[in-house]
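Me: I have a model open and would like to go through the labels attached to it. Could you help me see where each one comes from?

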Amino acid sequence: MAEGNLLINLSVLNRNVQKFFDKSLAEFDIGSGQVLFLFFIYENEGITMQEASRMVDVDKGTTTKSIQKLIEEGYVQSRTDEKDRRIKRLYTTPKAFDIMTRLYDLRNDLRKKLGTETDLNQFEEQLAKICSNSREYLDRDEEDSVIRIGGLMKTSLLDYPEKVASTIFTAGCNFKCPFCRNKELVFLPDNYQYDDPQEILSFLEKRAGILDAVCISGGEPTLHKGLPDLIEKIREMGYLIKLDTNGYRPDDLIMLCETGMIDYVAMDIKNSPEKYAATVGLNEESFDIERIRRSVDYIMSSEIPCEFRTTVVREFHTEEDMEKIGEWLKGAQKFCLQQFTDSANVIQPGLNACTLEEILSFRKILGKYIPNVVIRGISED
Ligand code: SF4
């Protein structure tokens, strides 16, 4: 019935190949989703996660999940590049060496089951052409996905620890925190005028050697497909890069960090897990706290310099929340408590800042779990 229907036939082939590998690989605790990456890493020891994603032609989310599973199962190791400590490189382990011959056998078995060598060679040739056409079409889409920039702060002494930096604000966010001070970057007005990335790059080119770093903030920067490209261009000028993120796109965060694009991460912790959805202005049903947990777990387990930070607001944060946040982030490198300030640009008007006493009490609670807790936006005098 499916004869002549390309989509159905491709789907049947894909499903059956998956079934074959899932069944055959069950004893190794890996599935069809991981085996392709295992072959590529084995044959290209030392590639990065991003290179693996490009070579296998799979999206970043699938790549990070598949490779993390291989790491958890002990088939792949992520090691820091000796020349550039920001880059993580992937290597297979002795546990993988033990099964690779078996995996190659399985791949050959599958080929034999699917058809004669002549049939398969012809099919592969035709399929390669079709894939190339599909890539051309999709790559055009990728080019369209430029980064949308909402503003530039040319010089900042506060945004990157101990560095003079410029800060780029990307437009658009996947949260709607009621206390957000960048309402226009979240609810983009009809006539919003984006900044020209080329003009920003020209400015940074002129300031190279004068400024140390560029902070990329938002909105939420990881929403933009053009972000890695922008970062690469800025890095080539010699700048350090800090990423400010809400952590709701863990795959993008992991990919950027693992490929050495980021020198410092600042991730928002909006509240204790139970109150997270309400604190970011989303419905309980549509919000997935696991995405935040994945970002936290990754940052906590990586060597990348980082800080977590919470903007504290009287209506949202209590001592009990700080206790829960402290337990959750126990052992973090650094935590910042930021004072909320009301303004005309806040999403929900009428919210109140915490008093100095309240913030000091929050710091004391967090200090039981995290040695380095700092306060920003309010003087302790
Ligand atoms: S405060 Fe919340 S809504 Fe505003 S930019 Fe940050 S994450 Fe987005």
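Reply: Happy to; here are the labels, taken one at a time.

Me: What should I keep in mind about the model, and how many helices and strands are there in the protein?

Reply: Please bear in mind that this is a predicted model. The protein has 14 helices and ten strands. Its C-alpha trace spans about 80 × 45 × 45 Å along the principal axes. Of the 381 residues, 45% are buried. Among contacts with a separation of 6 or more, 69% are between residues 24 or more positions apart.

Me: Why is Thr-48 called buried?

Reply: Buried means under 20% relative accessible area. Thr-48 has 7%, so Thr-48 is buried. Thr-48 sits in the loop between helix H2 (32-43) and helix H3 (49-56). Leaving out residues up to four places away in sequence, Thr-48 touches Ile-87, Lys-88, Arg-89, Leu-90 and Thr-259.

Me: Why do Asn-108 and Leu-360 count as partly exposed?

Reply: The class in between runs from the buried limit of 20% to the exposed limit of 50%. Asn-108 has 39% relative accessibility, so Asn-108 counts as partly exposed. Leu-360, at 31%, therefore counts as partly exposed too. Asn-108 belongs to helix H5 (residues 94-114), and Leu-360 to helix H14 (residues 356-367). Beyond its neighbours within four places in sequence, Leu-360 contacts Ile-375 and Glu-380.

Me: What separates the C-alpha atoms of Asn-108 and Asp-297, and those of Leu-360 and Gly-219?

Reply: For Asn-108 and Asp-297, 189 residues apart along the chain, the separation is 38 Å. For Leu-360 and Gly-219, 141 residues apart along the chain, it is 28 Å.

Me: What makes the peptide bond between Gly-218 and Gly-219 worth a look?

Reply: Most peptide bonds are trans. The one joining Gly-218 and Gly-219 is cis, with omega about 10 degrees. Gly-219 is located in the loop between strand S5 (213-217) and helix H9 (227-236). Gly-219 is also one of the residues surrounding the ligand.

Me: Which other residues surround the ligand, and how do they divide by class?

Reply: Along with Gly-219, the ligand is surrounded by Cys-173, Phe-175, Lys-176, Cys-177, Cys-180, Val-186, Asn-246 and Lys-270. By class, the shell has five nonpolar, two polar and two charged residues. Cys, Phe and Val count as nonpolar and Lys as charged, while Gly is among the polar ones.

Me: What makes the phi values of Asp-29 and Glu-162 stand out?

Reply: Most residues other than glycine have a negative phi. Asp-29 is not a glycine, and its phi is positive, about 60 degrees. Glu-162 likewise has a positive phi, near 60 degrees. Asp-29 is in the loop between helix H1 (6-25) and H2, and Glu-162 is in the loop between strand S3 (149-156) and strand S4 (165-170).

Me: How do you know whether Asp-29 and Glu-162 are exposed or partly exposed?

Reply: Exposed means over 50% relative accessible area. Glu-162 is at 82%, so Glu-162 counts as exposed. Asp-29 has 46%, so Asp-29 is partly exposed.

Me: Why is H10 called roughly parallel to H12?

Reply: Helix H10 (residues 250-258) and helix H12 (residues 289-301) pack at about 20 degrees, with axes 9 Å apart. Angles under 35 degrees count as roughly parallel, so H10 is roughly parallel to H12. Their crossing is right-handed. From H10, Pro-250, Asp-251, Leu-253, Ile-254, Cys-257 and Glu-258 meet Arg-291, Arg-294, Ser-295, Tyr-298 and Ile-299 of H12. That contact has six nonpolar, one polar and four charged residues.

Me: What are the angle and the axis distance for H3 and H4?

Reply: H3 and helix H4 (residues 60-72) pack at an angle of about 115 degrees, and their axes are 10 Å apart. The crossing of H3 and H4 is right-handed. Met-49, Ala-52 and Ser-53 of H3 meet Lys-60, Thr-63, Thr-64 and Ile-67 of H4. The residues of this contact divide into three nonpolar, three polar and one charged.

Conventions
Residues numbered from 1 in each chain as written. Predicted model: local features only at pLDDT ≥ 70, side-chain atom pairs only at ≥ 80, totals over all residues. Heavy atoms only, no water. Near = heavy atom within 4 Å. Axes fitted to C-alpha atoms, helices over the stretch in contact; angles between N-to-C directions. Helix = DSSP H or I, 4+ residues; strand = E, 2+ residues; numbered from the N terminus. Parallel < 35°, antiparallel > 145°, perpendicular 65-115°, else oblique. Left-handed = near helix turned anticlockwise from the far one by under 90°. Contact = heavy atoms within 4.5 Å. Buried < 20%, exposed > 50% of the residue type's maximum accessible area, 1.4 Å probe, protein only.
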